[in-house]
Amino acid sequence: MKQILLACGTGICTTTIATKKLEMALNEKGWAGKYKITQCKVTEVPNLSPDFDLCVATTPVAGEVQCPVIIGAPALLTGIGLDPIISQIVDVLSA
C-alpha cells in the first residue's frame, strides 16, 4: 500500500478538496485500494515525510523532506491541468 501525504496550509479545507480529486483520479487510473492518503499541515511535512512514499502539497514545502514532493495546486483545486499532475503522481507511485 502506497502512503501519500497530502499537505496544505492548515491541513483541513484545501486538503479535503484535493483529497477527493486525487482519489477520483487515482481510482480512474486503476489505483483503487493501492494507496492511503493522509492529510496534514504543510509545516508537518518534514517530520512526517520519512513514513510516506510521496507528498502532494498545495503550497511550497520548506525544510528537509525525505520523500518526493509534487506541488499539486491549482490542478487539484480547480481540475485545470490535472492530467499532468496525476501522471507525475502515478510515475512516482509506480517507481
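In helix α1, the residues T15, A18, T19, L22, A25 and L26 are buried, where buried denotes a relative accessible area under 20%, exposed one over 50% and partly exposed the range in between, computed with a 1.4 Å probe on protein chains only. Because these residues cover an arc of only 140° around the axis, they fall on the same side of α1, the arc being that of the directions from the helix axis to the C-beta atoms. The other side of α1 carries C13, M24 and E28, which are exposed. The model described here is predicted, and for this reason local features were required to have a pLDDT of at least 70 and side-chain atom pairs a pLDDT of 80 or more, whereas totals for chains, interfaces and linings use all residues. Residues are numbered from 1 along each chain as its sequence is written, and side-chain values rest on heavy atoms, with hydrogens and water left out.

Helices (H or I, at least four residues) and strands (E, at least two) were taken as DSSP runs and numbered from the N terminus. Helix α1 comprises 16 residues and spans 23 Å from its first C-alpha to its last, close to the 22 Å expected at 1.5 Å a residue, the expected span being 1.5 Å times one less than the number of residues. Its buried residues pack against β1 (2–8), β2 (35–41), β3 (54–57), α3 (75–78) and α4 (82–94), with contact defined as heavy atoms within 4.5 Å. One of the buried residues, T19, has a relative accessibility of 6%, and, when neighbours within four places in sequence are set aside, T19 is in contact with L6, I37 and Q39. Just after α1, G30 adopts a positive phi of about 90°.

The strands form an open sheet of four, in the order β2-β1-β3-β4 and with parallel pairing, two strands being counted as paired if DSSP finds at least two bridges between them. Strands β2 and β4 (69–71) stand at the edges with a single partner strand each, so one side of each is left without a neighbour in the sheet. Neighbouring strands are turned against each other by 25° on average, direction ignored, with axes given as lines fitted to C-alpha atoms, for helices over the stretch in contact, and angles running from 0 to 180 degrees between N-to-C directions. Strands β1 and β2 pair in the parallel sense over seven bridges, and the bridge partner of A7 in β2 is C40. Between β1 and β3, which also run parallel, there are four bridges, with L6 opposite V56, while three bridges join β3 to β4, where C55 stands opposite V69 and V56 opposite I70.

Five of the seven residues of β1 are buried, so this strand is largely enclosed by the rest of the structure. In β3, L54 and V56 point one way and C55 and A57 the other, and all are buried. A57 has a relative accessible area of 0%, and, apart from neighbours within four places in sequence, A57 is in contact with A7, I70, I71, G72 and A73. The peptide bond from A73 to P74 is cis, with omega near 0°, and P74 is placed in the loop between β4 and α3.

Helix α1 lies across β1, β2 and β3 and runs at about 165° to β2, whereas α4 lies across β1, β3 and β4 and runs at about 175° to β4.

With residues up to four places away in sequence not counted, I4 touches L22, L26, Y35, K36, I37, T38, F52, L54, V56 and L93.
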